[in-house]
Amino acid sequence: MKITRVDVFGYDLTYVHGRYVMSRGRVIERLASTVVRITTDNGLEGFGETCPLGPSYLEAHGAGARAALRELAPALLGLDPRELACVGDRMDEALLGHGYAKAAVDAACWDILGTSASLPVCTLLGGRRHDTFPLYIAIPLGPPEEMAAYAEARRAEGIHRFQLKLGADGRADAARVHAVLEATGDEDIVIADANGGLRAQEAVIAARLLEPYERVYLEQPCPTLEECLYVRRLTTLPMVLDEVITDPTTFLRAWHACGMDAVNVKISKVGGLTRARRLRELAEAVGVSLTIEDTWGGDLVTAAVSHLAASVDERLLFTVSFMNDWTNEHIAGYEPRSQVGLGRAPERPGLGVDVDVAALGEPLFSAAA
Ligand code: MG
């Protein structure tokens with residue numbers, strides 16, 4: 001089987017609740033998402049998607065994904081898409097880094113591998129280890145009462161895991177967490193995620209104020225691993241590391257430093273499903289819990305997330321997000337679809353969703369053999 005054609009499409013995703021606000025003044029209303037379609041000489045098609053969370057979240061941006069894919073697309077022609085490591089090698093030869101762009105190609109190849117084997121991607125990732133898994137929802141940064149009201153509304157929809165976007169002030173951020181704790185119940189988890197926006201002193205203040213609350217988890221309080229480790233030494237709050245963990249090397253470094261109880265694996269952040277599986281296995285081997293999600297994205301990103309989440313050891317699956325619940329636009333019929341706060345991976349072969357190619361319009365560019 002050989003790749004004979006690569007098409008790259010673009011579309012915009014808007015946030016279903018208006019403005020998505022994070023620390024350091026980062027506000028998201030609309031994002032450029034990029035879809036890759038790979039076609040093979042025997043007529044199979046696979047799809048993948050990547051959508052960076054704006055230009056100042058990670059070292060990634062929407063236009064960057066497209067520029068990288070313009071470099072990568074010709075290099076893919078003639079490869080067997082089922083040989084995922086070989087596809088990864090070829091992409092690394094053609095372009096160093098830019099894992100977030102490669103993630104879309106990797107997902108499309110997994111889609112083809114699944115279709116050609118008549119198996120869902122989660123089976124190929126190791127198996128459907130549980131049918132459903134609990135989803136979390138992020139609460140945009142805002143005044144405490146607004147965040148509490150948002151949590152109440154999502155709780156009424158069946159969500160019991162809340163990830164609060166924090167700012168840069170320890171006392172104000174602790175007040176936000178308090179407000180959400182009061183609006184939620186004993187079965188609810190509250191993850192205080194500063195996305196690296198707090199410096200060590202403010203993070204220590206927030207952690208000290210939140211210390212008595214068993215339902216609270218800290219996620220990536222500070223921008224560097226060293227600052228997060230500093231905070232961790234001064235608190236018993238469980239720690240999730242996210243932005244600083246991008247590959248096995250950073251994971252192992254943090255693990256050796258006893259830096260985390262859980263790791264947030266965003267598929268595009270770590271360079272695609274193939275590399276996310278490697279991190280999943282590493283985390284499982286050493287007993288670190290996992291959040292499975294992506295930076296942002298629509299139905300295709302959600303499909304990839306659902307398969308990876310289904311393949312995680314149930315005891316170590318902390319939270320999952322279905323990004324297509326966060327966006328207004330749907331390119332695969334709003335599938336996979338959450339149900340009352342639970343997610344599930346499609347049963348059909350490959351990623352298991354049908355992309356509405358007509359809705360994507362003409363490709364931005366293509367490469368063909
Ligand atoms: Mg996070």
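A salt bridge here is a side-chain nitrogen of Lys or Arg within 4 Å of a carboxyl oxygen of Asp or Glu. Keep that rule at hand for the domain interface, where it finds one salt bridge between domain 1 and domain 2.

This is a predicted model: local features need pLDDT of at least 70, side-chain atom pairs count only at pLDDT 80 or more, and totals for chains, interfaces and linings use all residues. Residues are numbered from 1 along each chain as its sequence is written, and side-chain values use heavy atoms, with hydrogens and water left out.

**Stop 1: the domains.** Select 3–118 + 355–368 for domain 1, then 124–343 for domain 2. These bounds come from an automatic or database domain assignment. The C-alpha centres of the two domains lie 23 Å apart.

**Stop 2: the interface.** Show contacts (heavy atoms within 4.5 Å). Domain 1 brings 39 residues and domain 2 brings 40. About 3200 Å² is buried between the domains, 63% of it from carbon and sulfur atoms. Buried area is the accessible area (1.4 Å probe) that two parts lose on being put together, summed over both. Now pick Tyr-20, Tyr-57 and Trp-110: in domain 1 they lose the most area to domain 2, together 18% of what that side buries.

**Stop 3: a charged pair.** Select Arg-275 and Asp-92. They form a salt bridge, with the closest N and O atoms 2.9 Å apart.

**Stop 4: the elements.** Helices (H or I, at least four residues) and strands (E, at least two) are DSSP runs, numbered from the N terminus. Colour the elements giving two or more residues to the domain 1 side, including β1 (3–14), α2 (84–94) and α3 (99–117). Finish on α3, which gives the largest share of that side, eight residues.
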